[in-house]
Amino acid sequence: SHIQYERVGADVTMKCGSMDWDAAVTWTANGTDIDESHLNGSYLILKNVDLTQSGQYSCYEGSSWHLKYQTYLRVGTPPKEPVLMCRSHNYPKGFYCSWHLPTPTYIPNSFNISVIHGTREMVCEKDAFPKNRCHIRYLQLFSTVKYKVTLTVTNALGKNSTTLTFDEFAIVKPDPPESVVAKPVPNNPRRLEVSWQNPSSWPDPESFPLKFFLRYRPLILDQWQHVELSDGTSHTITDAYAGKEYIIQVAAKDNDIGTWSDWSVAVHATPWTEEPKHLTTEAQVTETTSASTSSFMPPPTTKICDKGAVVGSGAVAVCWTAGLVLAAYGVLFI
Amino acid sequence: SPSAALRRRDLCSRGIRLAGKMRSDVVDLLDTYVERQGLDASASVSAVEGVPAAAVERWDEQTGTQRLLENLAAYRAFRVLLAQMLEEQREQLGEADAALGRALAGVLLQVSAFAYHLEELLRLESRGPPSEEGAGPPPASHLGLFERKLRGLGVLRELAQWAVRSARDLRQLTKPSTGSSSAPSLAESP
């Protein structure tokens with residue numbers, strides 16, 4: 001069947017097939033008769049069409065009701081400049097590019113992508129799912145020659161394109177670490193043991209090792225502590241606030257090139273506390289592993305008095321009052 | 001022999017660290033060079049004669065020996081090229097830019113040290129390192145001043161790529177050969 005594409009806001013004139021201008025006809029839209037006020041002779045005039053006017057238009061001869069013409073009108077827009085992104089999350093195997101349109105066109109679009117490396121044109125194989133994505137295998141590694149990726153989107157009302165230029169190292173961004181686990185350490189009220197795994201999409205962590213960035217904070221505070229780890233997939237936090245629930249995330253980056261991954265899924269954990277929450281005598285060992293440690297600064301208007309926070313020896317309750325800046329290992333006796 | 005295996009592993013891990021430091025210093029040197037030579041950092045430089053390109057196809061299929069030989073050839077060439085650049089820089093700017101000269105000299109030293117590591121690794125194989133050929137990269141005396149500056153940019157960029165590649169190459173060498181890999185370990189290479 002016939003399809004007709006028109007821009008939003010356009011004026012559309014439909015002829016009833018080969019019928020003369022002065023023939024008596026009836027037009028319907030999706031089976032509903034169209035008022036004669038929209039007709040100019042046997043022509044149907046639709047002014048300033050909008051999306052709601054998409055549908056099947058039919059024209060019937062006046063008395064016999066023979067169908068003389070039928071078309072499917074699709075109202076849409078030409079494509080705006082597409083948004084294109086390319087990334088290598090499985091270096092050194094290859095990279096993928098994905099794209100989308102910033103606003104819908106409401107009519108079918110086709111995409112064509114070209115990848116050029118120096119003088120060589122490479123084939124970007126389209127993924128079955130998601131549809132707006134294709135992937136390329138690296139033919140060369142360690143090249144200084146940039147890649148140029150051009151995406152063209154075309155529909156019945158127009159076309160548009162965008163180009164990305166980048167070098168091999170710049171687009172390397174691993175997926176976040178997987179299976180992040182945080183556990184309390186028995187008999188250690190200030191420790192949390194965190195472990196994770198390399199993202200499964202990273203093909204060769206032995207030759208292309210990842211480094212990691214860990215961030216953690218108690219739920220009650222906004223400021224994160226950060227630790228950068230150049231190897232290993234585990235870390236023990238040793239300066240956790242006793243009894244406080246923590247939120248922990250990890251990110252990964254190739255040791256040498258590219259950018260940091262997104263943060264992993266957040267995990268929650270609370271350091272070990274003795275049950276019931278009595279105060280115990282325990283020598284407090286002050287340790288820090290943080291690269292940047294913020295001193296504990298409570299919001300000025302709150303008073304936090306937590307009998308469960310065991311610091312120092314003896315039966316002590318620690319009470320942080322407004323206005324007091326406590327270093328992480330300060331003790332206040334009441 | 002076990003001592004040779006230990007020495008190999010030691011040379012590799014030191015080489016990997018050296019490559020990492022070298023890359024970091026070359027990246028800093030690139031910034032300094034671009035600024036002092038009045039160049040545009042995004043200027044594209046076509047392949048420069050005599051500069052070994054780091055780009056390689058089927059990198060993962062290379063044997064241990066191939067990796068060492070290609071690396072060694074590259075760093076020997078860079079040693080000559082950097083010495084030329086240092087000479088030119090002294091002639092051109094004299095003492096006016098001691099900082100650039102020092103940075104160049106520092107990288108040249110690391111390049112020499114890395115070449116030595118590679119020679120030692122090749123010595124652990126029965127074949128030993130190839131002798132240095134008399135003809136290195138040709139001097140750039142026929143080029144004008146601006147062309148020489150661009151050439152220098154090309155040299156440093158390619159060296160930065162090599163420093164990344166070399167760390168990867170040495171890590172491949174330290175991987176135990178599992179038999180399923182197509183790249184035999186050093187012990188198996190002829």
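Student: Which strands make up the open sheet of 5 strands in chain A, and in what order?
Tutor: The order is β1-β8-β7-β3-β4 in chain A, and the pairing is mixed. Keep in mind that this is a predicted model.

Student: What makes a strand an edge strand here?
Tutor: An edge strand pairs on one side only, and that is the case for β1 (3-7) and β4 (32-33) of chain A.

Student: How do you know that β3 and β7 of chain A count as paired?
Tutor: Pairing takes at least two bridges. Strand β3 (residues 25-29) and strand β7 (residues 55-61) of chain A are joined by 5 bridges and run antiparallel, so they count as paired under that cut-off.

Student: What about strands from two chains: how many bridges link β15 of chain A to β1(B)?
Tutor: There are 2 bridges between β15 (residues 140-141) of chain A and β1(B), in the antiparallel sense. Across from E57(B) in β1(B) you'll find Q140(A).

Student: How much area do chain B and chain A bury between them?
Tutor: About 1600 Å², with 50% of it on carbon and sulfur atoms. On the chain B side, Q161(B), R168(B) and R171(B) supply 37% of the area buried against chain A, more than any other three residues. As for the contact itself, 18 residues come from chain B and 18 residues from chain A.

Student: How many salt bridges and polar contacts cross between the chains?
Tutor: The rule finds 5 salt bridges across the interface of chain B and chain A. Polar contacts come to 13 residue pairs, both partners being at pLDDT 80 or more.

Student: Which elements of chain B give two or more residues to the side that touches chain A?
Tutor: They are β1 (56-57) and α4 (145-174) of chain B. α4(B) gives the most, with 9 residues. By type, that side of chain B divides into 7 nonpolar, 2 polar and 9 charged residues.

Student: Why is the contact of D204(A) and K175(B) called a salt bridge?
Tutor: The side chains meet at 3.0 Å, N to O. The limit is 4 Å between a Lys or Arg nitrogen and an Asp or Glu carboxyl oxygen, so the label applies. This pair crosses between chains: D204(A) sits in the loop between β19 (188-197) and β20 (210-218) of chain A, and K175(B) in the segment after α4 of chain B.

Student: Are those two residues buried or partly exposed?
Tutor: One of each. D204(A) has 18% relative accessibility, so it counts as buried, since buried means under 20%. K175(B) is at 25%, so it is partly exposed.

Student: What makes the R171(B) and D256(A) pair a salt bridge?
Tutor: The closest N and O atoms are 3.9 Å apart, and the limit is 4 Å, so the pair qualifies. R171(B) lies in helix α4 of chain B and D256(A) in the loop between β23 (246-254) and β24 (267-269) of chain A, so two chains are joined. With 9% relative accessibility, R171(B) counts as buried.

Student: Which other residue of chain B forms a salt bridge with D256(A)?
Tutor: R168(B) does, at 3.5 Å, N to O. Shared partners join D254(A), D256(A), R168(B) and R171(B) into one network.

Notes
Residues are numbered from 1 along each chain as its sequence is written. Chains are lettered from A and ligands numbered from 1 in the order in which they are written. This is a predicted model: local features need pLDDT of at least 70, side-chain atom pairs count only at pLDDT 80 or more; totals for chains, interfaces and linings use all residues. Side-chain values use heavy atoms; hydrogens and water are left out. Contact means heavy atoms within 4.5 Å. Buried area is the accessible area (1.4 Å probe) that two parts lose on being put together, summed over both. A polar contact is a pair of N or O atoms within 3.5 Å; within protein, one must be able to donate a hydrogen and the other to accept it, and residues adjacent in sequence count only if both atoms are side-chain atoms. Helices (H or I, at least four residues) and strands (E, at least two) are DSSP runs, numbered from the N terminus. Ala, Val, Leu, Ile, Met, Phe, Trp, Tyr, Cys and Pro count as nonpolar, Asp, Glu, Lys and Arg as charged, and the others, Gly among them, as polar. Buried means under 20% relative accessible area, exposed over 50%, partly exposed in between (1.4 Å probe, protein chains only).
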